[in-house]
Amino acid sequence: MAGSQESSGERRGAGTYQMLWDCKFCGTQKLLGVTHRHCPNCGAAQDPEQRYFPAEEDMVAVEDHPYVGADKICPACQQPNSAASTYCTECGADLASGVVAPTQGVREIGTGRAETDTRRDVVKDKFDAEMVRAGVTKPPGRTFLGLSRNVWLAIIAAVLLIICCGGAVYALTYRADAEATVSAVSWERTITIESFQAVPDSAWEDDVPGDAYDISCQRKQRDTRQVPDGSHEECADVDQGDGSFRRECRTVQDYRDEPVYDDWCRFTANRWVYVRDLKASGAGDDPPAWPSQTLALSTGALTTGPASLGSEREGARREQYAVVIRLKNGKEQTCRFDSEADWTQYRAGLAVSLKLDIVGNADCATLKPAG
Ligand SMILES: [Zn+2]
Ligand SMILES: [Zn+2]
């Protein structure tokens with residue numbers, strides 16, 4: 001296979017070389033595409049479809065090759081002729097209606113891409129064409145109502161998508177009216193307490209905060225950069241269609257990864273950190289209230305002045321209000337509110353109206369006293 005060529009010795013440089021061909025009549029192999037227009041063994045004409053790119057060690061350079069274009073195939077005897085010829089060298093027929101010889105395309109060398117045998121499977125191509133002609137297989141791209149199979153699949157997929165999206169939108173927006181009774185109301189208020197503490201941390205040196213202390217740093221890889229590291233050559237062999245191929249090469253820059261080092265530092269900094277919550281809660285007619293300072297004072301000194309390690313302060317405040325409702329079917333559901341104003345109008349026993357979604361859950365945004 002062509003893939004083994006790279007390891008076998010020196011690679012040939014840019015230039016023009018002979019394609020090879022095998023005589024299918026007498027079995028002679030590695031005949032030269034430019035030199036051997038006929039098999040030297042049996043006299044058979046060269047078949048351009050049987051040409052192939054040689055392995056590195058079989059490459060034969062063509063000196064001062066005048067390229068005049070891909071061969072023309074004689075319409076009378078199939079002999080490939082130079083594109084410069086007007087009449088067939090074999091039978092004398094006019095080459096004006098001759099077709100251009102097929103080529104083996106391009107072979108990539110040294111690019112790391114798989115180098116497969118570029119020879120086309122001529123036998124299979126002809127068999128496939130014969131099967132189509134005989135009606136055994138249908139040619140690709142058959143249609144129904146003037147549209148190809150892929151277009152029909154796309155249309156079906158689009159219709160299914162529209163049905164699914166429509167169903168999802170309906171399910172998400174469906175709401176049914178319902179009546180219910182408030183069975184309980186409750187509230188909870190929370191104050192977070194923070195403490196001023198020595199907090200260990202670590203960061204790259206340029207990110208260490210100004211008030212950090214007990215700093216110790218060490219070198220550590222922070223990043224990777226690409227540095228130029230030599231080069232290699234990539235080539236492409238182009239079948240010229242006249243029994244020769246052209247090798248074109250270019251130099252490609254290689255790179256390698258190089259580590260980038262920086263100082264990684266461990267340090268300590270004094271910071272306000274969360275330590276605990278103070279909570280107050282109530283139900284029924286209890287009026288909402290914040291946790292009292294006396295409760296806070298009993299668990300530690302609350303300070304507002306210049307901080308010293310161990311001192312505490314009040315952090316964020318949160319409040320949440322709940323209304324439990326009982327639906328006509330006996331099912332209970334809880335609606336929660338962040339603001340006291342949305343909640344204060346509800347009392348146990350109050351009749352309310354609301355909307356339910358498609359699975360029967362309360363849409364709390366629609367909850368309001370009935371009537
Ligand atoms: Zn032969
Ligand atoms: Zn001819």
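1. Zinc site. In this predicted model, the zinc ion (ligand 1) is coordinated at 2.3 Å by the SG atoms of Cys23, Cys26, Cys39 and Cys42. Donors here are N, O and S atoms within 2.8 Å of the metal (3.2 Å for Na, K and Ca); water is not among the atoms, so sites may look incomplete. Along the chain, the donors of the zinc ion (ligand 1) follow the spacing C-x2-C-x12-C-x2-C.

2. Zinc geometry. The site of the zinc ion (ligand 1) is tetrahedral, with angles of 101 to 118° among its 4 donor atoms. Four donors count as tetrahedral if all angles lie between 85 and 135 degrees. The ideal angle for four tetrahedral donors is 109.5 degrees.

3. Basis of the values. Local features need pLDDT of at least 70 and side-chain atom pairs count only at pLDDT 80 or more, while totals for chains, interfaces and linings use all residues. Side-chain values use heavy atoms, with hydrogens and water left out, and residues are numbered from 1 along each chain as its sequence is written.

4. Salt bridges. The count comes to 26 salt bridges, each being a side-chain nitrogen of Lys or Arg within 4 Å of a carboxyl oxygen of Asp or Glu. Salt bridges that share partners join Glu56, Arg107, Asp237 and Arg247 into one network.

5. Lysine 279 and glutamate 188. The closest N and O atoms of this salt bridge are 4.0 Å apart. Lysine 279 lies in strand 13 (residues 244-283) and glutamate 188 in strand 11 (residues 176-204), so the pair ties together parts that are 91 residues apart in sequence. Strands (E, at least two residues) are DSSP runs, numbered from the N terminus. Lysine 279 is partly exposed at 48% relative accessibility, and glutamate 188 is partly exposed at 36%. Partly exposed lies between buried (under 20% relative accessible area) and exposed (over 50%), with a 1.4 Å probe and protein chains only.

6. Aspartate 206 and arginine 222. This salt bridge has its closest N and O atoms 3.4 Å apart. The pair links distant parts of the chain, 16 residues apart: aspartate 206 is in the loop between strand 11 and strand 12 (213-239), and arginine 222 is in strand 12. Aspartate 206 counts as exposed at 55% relative accessibility, whereas arginine 222 is partly exposed at 35%.

7. Glutamate 314 and arginine 317. In this salt bridge the closest N and O atoms are 2.8 Å apart. Glutamate 314 is partly exposed, with a relative accessible area of 32%; arginine 317 is also partly exposed, at 43%.

Notes: Chains are lettered from A and ligands numbered from 1 in the order in which they are written. Four donors count as tetrahedral if all angles lie between 85 and 135 degrees; four count as square planar and six as octahedral if opposite donors are over 155 degrees apart and all others between 65 and 115; anything else is irregular. Helices (H or I, at least four residues) and strands (E, at least two) are DSSP runs, numbered from the N terminus.
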